[in-house]
Amino acid sequence: MDTESTYSGYSYYSGRSRGSHRHGERSRDRHKSRSKDSRSEKSVTINTPPAEPLLGDSSVRGEQVQDDNWGETTTAVTGTSEHSLSQEDIVRITKDLEDSVGLDCRRYFTRTLAVILGLLVFLTPLAFLVLPHLLWPEKLQSCGTACEGLFISVAFKLLILLLAVWALFFRPARAGLPRVFVFRALLAVLVLLFVVSYWLFYGVRILDSQDENYQGIVQYAVSLVDALLFIHYLAIVLLELRQLQPCFSVCVARSTDGETRHYNLGQLSIQRAALAIIEHYYCDFPVHNPALLSASKSRAAKHLAGLKVYNVDGEFPAGPAEGPGNNAAAAGLAHSQSRAMIAAAARRRDTSHNELYYEEAEHERRVRKRKARLVVAVEEAFTHIKRMQEEEQKKSPGDVMDPREAAQAIFPSMARALQKYLRTTKQQHCHSMESIQQHLAFCITNNMTPKAFLESYLTPGPTLQYSRNHWLARQWTLISEASVTNSLKDGTIFLLKCVDFSLVVTSKKIPYIQMSEEYIDPKSHKFVLRLQSETSV
Amino acid sequence: MSFVPGQPVIAVVERIEIKKLRHGDNLILGFSIGGGIDQDPGQNPFSEDKTDKGIYVTRISQGGPADEAGLKMGDKIMQVNGWDMTVVTHDEARKKLTKKKEDVVRLLVTRKTLEEAVKHSKGKYPRP
C-alpha cells in the first residue's frame with residue numbers, strides 16, 4: 001500500500017522555484033510516507049497545477065467537483081521544470097520591464113513643463129535684480145541700507161518658496177489619471193500669466209526707460225516674490241485643503257462577491273475620487289478570489305439547463321429577419337418563449353436549495369477539520385525550533401541555522417496540512433511555496449507564535465499582502481457617464497473596472513445638519529417616589 | 001375641583017352617612033380609597049385636575065354599606081366626621097375612616113355632577 005512518496009519542491013508553483021536549489025530538500029523528505037490516513041492518500045506529492053494565467057481567471061482549474069485528493073496520486077515532474085520557462089515567468093518579466101522603463105510620454109511631458117515653469121519662476125526675480133547692473137551700471141543709483149535689507153528679504157523668501165514648492169509639487173506621482181488635473185493646470189496657467197505680465201511691465205517701464213532708481217527695482221522684485229508666495233498659498237488651498245473636509249459618503253461594492261465598504265470623501269473630481277477609492281481598495285478589501293464564485297456559477301447553469309423550449313405549433317423559430325414584420329414576429333416569439341420558461345421554472349419543484357444547504361454544512365465541517373489539523377501541525381513544527389542563546393553559540397557551531405534554513409527545516413512537517421487547508425478554502429493560488437517559506441522565516445525571526453504565523457492563511461487579507469501579480473495596479477479603467485473631471489455630486493455613479501471584477505461606486509451627499517441647543521440646569525435633577533396605593537376600608 | 005393655593009377651597013358637597021357593618025372582628029365600610037399627599041396624583045383616574053392630591057373613592061363593593069348610603073365611585077372625600085381629608089396622607093385617611101370606636105361615619109363628598117346640578121338650578125356658582 002505504501003507507494004513511493006516524493007515531495008518535489010518544484011511543483012507547487014512551477015517556475016517560481018527555478019532559482020533555488022531544492023535537492024537537499026528532496027532527499028530529506030524522501031521518507032515521508034504517510035500511510036496512517038484512512039483516506040486513499042497514497043502519496044504526499046503536490047502536483048503541478050496547470051499554468052494559470054495570472055491575469056485573473058484562476059477558475060481554469062475547473063473546481064466544480066471539489067475533490068481534495070484529486071491529483072494526489074500522481075507523482076511530480078522532476079528535473080525538467082527546473083529550467084523551463086512557464087507562462088507565469090514570461091508575464092512576470094514583461095511586468096518588470098514595464099515597471100522599470102515606464103515609457104509614459106505624458107508623464108514626462110508634464111514633468112518637463114513643470115520644471116521649465118519652476119525655473120522661470122525662480123530666475124525671474126534674480127533676473128530683475130541683476131539686469132540693471134549688467135545693462136546700465138553707470139546710471140544706477142547705489143544701493144543704500146534699506147535696499148540691501150531688501151536683498152536679504154528676497155533671498156529668504158525665495159528659499160522658502162523653493163522649499164514649499166519642493167514639498168508640494170515634487171512628490172513621486174502616485175497615479176496616472178485619464179484626464180488632466182484641472183486645478184493644477186489652472187494654477188500653472190495663472191503663474192505663467194502672472195510672470196509674463198510682470199516681465200512685460202519690467203520690460204516696458206524699466207528696461208526701455210533704463211530707470212535709475214535701483215531701490216524701486218528691488219522693491220518690484222520683492223513684490224513679485226511675495227505674490228508668488230501667495231499663489232503658492234492658493235495652490236495649497238485648492239489642491240490639498242479643499243478636499244479634506246468630508247462632503248460625500250461613497251459606497252463601494254465589488255461586483256463579483258458583493259463586498260461593500262463606505263468611505264467619506266471631500267469635494268473631488270470623479271477621477272481623483274476614483275483614485276482615492278482604489279487606494280482604499282488595496283488596503284481594506286479582502287483579496288479577490290475567483291475560485292469562490294464557481295459554485296454559484298454552476299448552480300446558475302443548472303437552473304438554465306433544466307428547461308428546454310420546443311415549438312409545437314408549427315411556427316418556425318426566428319431565422320434571419322426579413323423585414324420589420326418578421327422582426328416583430330420573431331421578437332414576440334422569443335418573448336413568449338422566455339415567459340414560458342420563467343413560468344415553468346417557478347412551478348418546478350426545485351430541490352437545489354436543499355443541496356446547497358447540505359453542501360455548505362459539509363464544507364464548513366471539512367474546513368474546520370482541516371483547520372484543526374493544520375493548527376496542530378504548525379504548533380508541533382514550531383516546537384522543533386528554538387532561538388539560540390549566546391552561551392550555546394560556542395558549544396555547537398555545526399547545527400546553527402539562519403532563519404531561512406530554519407524555515408526550510410520545519411516547513412515539510414506542516415506543508416501537507418497547510419496545502420490541504422488552502423485547497424479546501426480555495427486559496428492555493430494566492431500563496432506560493434516560496435512565499436510561505438519566506439513568511440515562515442519572517443515569523444521565526446520576529447519570535448511570532450504559530451497562531452500569528454497562521455493568521456495570514458486563515459483569513460483572506462487585503463490585496464497588498466499578496467504577491468505583485470495579484471495587484472493588477474496598472475489595469476484599472478474608469479467608466480463613467482459624466483465627464484471624469486466633473487466634481488462629485490449627489491447620486492454620481494461610476495464603475496472602476498479591473499480585469500475580472502469591477503467596483504461599483506455610488507456617492508451620496510452628507511446632509512446639512514441643523515443642531516439646536518437645550519440647556520439643563522444641573523440643579524433641576526430632582527426625583528420623588530412614585531406610590532399609588534389603594535386601601536379598602 | 002381645582003384649587004388655587006392660598007385661597008379657600010369651594011365645593012358643592014353631599015352629606016353621606018354610612019353605618020359600618022360588622023364583619024367578623026372588623027368594621028367595614030365597603031369601599032376603597034386612593035390618593036393622598038404622599039401619593040402620585042397623576043395616576044388618579046377620577047380627578048379632573050391631575051395635581052389634586054385629595055382622597056378619592058376608587059371602588060365600591062356591591063351591596064355594601066357605602067353602596068347603600070349612596071357613595072359613588074370617583075367621589076372625592078372632603079371631610080370624615082369633621083376631619084379634613086383634602087390635605088392628608090393616605091394612611092391618615094385610612095385611620096380616620098377605620099376608627100374602631102365609631103360605627104358611623106359622616107362623609108362630605110363632592111363630585112362633578114353636584115356642581116353641574118347646582119349650576120343648572122341656580123345659574124351660577126354659590127357665592128363664597
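In the predicted model, B:S32 of β4(B) is the bridge partner of A:S536. Strand β6 of chain A (residues 534–536) and β4(B) pair in the antiparallel sense over 3 bridges; pairing requires at least two bridges found by DSSP between two strands. Strands (E, at least two residues) and helices (H or I, at least four) are DSSP runs, numbered from the N terminus. Residues are numbered from 1 along each chain as its sequence is written, and chains are lettered from A in the order in which they are written. Local features need pLDDT of at least 70, side-chain atom pairs count only at pLDDT 80 or more, totals for chains and interfaces use all residues, and side-chain values use heavy atoms, without hydrogens and water.

B:R59 forms a salt bridge with A:E534, with 3.9 Å between the closest N and O atoms (criterion: a side-chain nitrogen of Lys or Arg within 4 Å of a carboxyl oxygen of Asp or Glu). The count of salt bridges between chain B and chain A is 1. On the side of chain B that touches chain A, two or more residues come from each of β4 (31–35), β5 (55–60) and α2 (90–97). Of these elements, β4(B) gives the most, with 5 residues.

The contact (heavy atoms within 4.5 Å) takes 8 residues from chain A and 18 residues from chain B. About 1,200 Å² is buried between the two chains, 44% of it from carbon and sulfur atoms; buried area is the accessible area (1.4 Å probe) lost by two parts on being put together, summed over both. B:Q39, B:D40 and B:Q43 supply 36% of the area that chain B buries against chain A, more than any other three residues.
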